[in-house]
Amino acid sequence: MTAHPIAARTAAESAFAEQFSAGQGVLPLPEREAAFRVFTARGLPTRRDEAWHYTDLRQRLTRVAPAAGAPDADALADARAMLRRLPSASMRLVILDGRFVPELSSAPSHELSVASLDDSARAGRAAASHLGANVDAMLALNGALAQGGLMIKIAAGVKLAAPIEIRHRTSKREAQSSASRVAIEIGEGAEARVVEYFDDAGAEGQRNVATMLDLRADAVAEHIAVVAGDAALHVESLVARLGERASFASFGLISGGALVRRQIFASLVGEGAKIALSGLSLL
């Protein structure tokens, strides 16, 4: 990958540097600093980056929207009213403006534990990317700027009967950016289905989201991502690590957004691991 020297920073890269300096982000400071160093060294992806050959983000991202603040009382009330109009879900978790909001979410089942990313970070359980030095620039930027998110742990042997539904929403239909991260640990022999919905970002909204799944031996997981709305930018990184004989299937449905990118990084570290990837874009 090609690094952009500091002197050649674009306006967007400078704006990200300002957001980082302003203290955005909840991961432990050493992790955030290391992630931002990776992004600084590589800069926004261009056609010279093989994986981004058809999306010159450095040229197309001319401005960065202001970082979304924590949702206020009005935003929470509006989100609560919207959620009432949705079909019921036994395990619904809500991320609003990049932050996990427990009061809008279902009470966690006894079969799994749920914690906000900032609580987990303070406890020293931050979500690793499993990519090491080869981390993608936008995934590194997510680690540097993630405003919040959540961590889910499913105990060994648990087989969830109902899917885990994660709703990513924004409170304002105006120019704002958000970065969030979801980490899911699926214990040995456990089975789970996760459905993530990304919508209502607004025509000037910008998102950089990451979902990390760690499947232990003999675990079975299905992940579905539904991307809708009119977001100006939606970059979504799915990182999966599969242990021995683990089985993982992922499907993405994209039906909206001006510039949408879903990128998948999978590591089959255990013998006998299986993965199936599929998707559909409605252009």
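The model is predicted: local features need pLDDT of at least 70, side-chain atom pairs count only at pLDDT 80 or more, and totals for chains, interfaces and linings use all residues. Residues are numbered from 1 along each chain as its sequence is written, and side-chain values use heavy atoms, with hydrogens and water left out. Helices (H or I, at least four residues) and strands (E, at least two) are DSSP runs, numbered from the N terminus.

Select residues 29–42, helix α2. From first C-alpha to last, its 14 residues reach 20 Å, close to the expected 20 Å (1.5 Å times one less than the number of residues).

Next, show the side chains of Arg32, Ala35, Phe36, Phe39 and Arg42, which are buried (under 20% relative accessible area, 1.4 Å probe, protein chains only). Looking down the axis of α2, these buried residues fall within an arc of 130 degrees (taken from the directions from the helix axis to the C-beta atoms), so they line one face of the helix. On the other side, Pro30 and Arg37 are exposed (over 50%).

Then step to glycine 43, which follows α2 and has a positive phi, near 70 degrees.

Now move to strand β7, residues 191–198. Strands pair if DSSP finds at least two bridges between them. β7 runs parallel to β5 (residues 164–169), joined by 5 bridges; here arginine 167 stands opposite tyrosine 197. β7 also runs parallel to β9 (residues 220–227), with 8 bridges, and phenylalanine 198 stands opposite valine 227.
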